[in-house]
Amino acid sequence: MKDIFEPLVKMMALMVGLLVSITLLTVLLIGLIVFIFNGGNLPQMNQSADLTASVAVPTETYKGVVPKEGLWKAPEWSTVDQEPNADDIKYGRELIANTSAYLGPNGSVRKISNGMNCQNCHLNAGTAPLGNNYSAVSSSYPKIRGRSGQMEDIPKRINDCFERSLNGKALDRNSKEMIAIVAYMEWLGKDVVPGETPQGVGLYEIPFLDRAADPVKGKSVYAQHCQSCHMEDGNGMMKPDKTGYTYPPLWGDNSYNHGAGLYRMSRFAGYVKTNMPLGATFERPMLTDEESWDVAAYVNSMPRPEKDLSKDWPDISKKPIDHPFGPFSDEFSEEQHKFGPFKPIKAARETQTMK
């Protein structure tokens, strides 16, 4: 008889134990809720805290070519209407951004340039850091320039670009268009102290290589990174309405001539380093220094319009190291002055200066 009831007794004991356990857990949970509700704090989990503290938080490494702090910024465009010549400034910006529509081969005002826009070289209408911006124009002109050997004002400098980078004709100094472009450039530099050079002005001064820039290597760089926009033949991508280029020509009849600033290898390489291909900036360059130099060598080896440069650099000792046309005040060849290596030329000049 005892054996018959033994399983029943064990089951009852087990059920009683479970009920007691559930009751105790319920009481404990209720007590915990009341404790927290009344402002109590649970003890810290030291092991978890120690584990969290031991895990290093990764920090992003800045890979820009210059520090971001202190770079020049253009005045806020929303403030233009406060200026007495606001209409001129607005028109000037429009001319910089869409030069071809007004002054190109099919220009609505004049037909005096090659179809490129000023902002093809002076990015974001001349406001991009290290994108050939206009921040120092107002603070540095008029000045004597070595290329002409003369005192130049802002209109003269603008016409240099029309005759070289835009491979066109000079604007009338008293024209509505010249007045507007000057007004826009002066407005951009209105907060720059005369004689000072803002940080991020002009183009990046890319370090010289230990070798000559190589157009053969540059052709591969161009094919990989550039020709999807500027086309395999270098003639760029024209807008559907033929008023200008979505992506400008880098060589050929409608590109800059060999008197333009970007025909100098260091200028083109520095421009590429911080601005190309599409999406690159000084904060996030996409090409190495070597690739930038080599693609510059390739592009500037291709055919383009010529210009009479016989009056340039009357003092030949002031020619830049990478000016590609003689005569020179040193014994280095035209080819080395164009492609490099430039370090020996620089060293020779520094030695000569010390004598």
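I began with the rule for ring pairs: rings of Phe, Tyr and Trp, the last by its six-membered ring, pair if their centres lie within 6.5 Å. By that rule I found that this predicted model holds 10 aromatic pairs.

I looked next at F208 and W293, whose ring centres are 6.1 Å apart with planes at 50°, so I noted the pair as tilted. I then asked which parts of the chain this pair links. I found F208 in the loop between α8 (176–188) and α9 (215–225) and W293 in helix α12 (residues 289–299), and the two are 85 residues apart. For accessibility, I read F208 as partly exposed, with a relative accessible area of 24%, whereas W293 counts as buried at 1%.

I turned to Y222 and W251, an aromatic pair that I also recorded as tilted, with 5.2 Å centre to centre and 45° between the planes. Because Y222 lies in helix α9 and W251 in the loop between β4 (245–247) and α11 (265–275), this pair ties together parts 29 residues apart in sequence. Are Y222 and W251 buried or exposed? I found Y222 buried, and W251 is buried too.

I went on to W77, Y184 and W187, and noted that ring pairs link these residues into a cluster. At W77 I also looked for a charge, and found that the charged end of R93 sits over the ring of W77, 5.3 Å from its centre.

My last entry concerns Y91, where I asked which residue lies over the face of the ring. I found K176 there, at 5.1 Å from the ring centre of Y91.

Terms used: Residues are numbered from 1 along each chain as its sequence is written. This is a predicted model: local features need pLDDT of at least 70, side-chain atom pairs count only at pLDDT 80 or more; totals for chains, interfaces and linings use all residues. Side-chain values use heavy atoms; hydrogens and water are left out. Rings of Phe, Tyr and Trp (its six-membered ring) pair if their centres lie within 6.5 Å; planes under 30 degrees apart count as stacked, over 60 as edge-to-face and the rest as tilted. Helices (H or I, at least four residues) and strands (E, at least two) are DSSP runs, numbered from the N terminus. Buried means under 20% relative accessible area, exposed over 50%, partly exposed in between (1.4 Å probe, protein chains only). A charge sits over a ring if NZ of Lys or CZ of Arg is within 6 Å of the ring centre and within 35 degrees of the ring normal.
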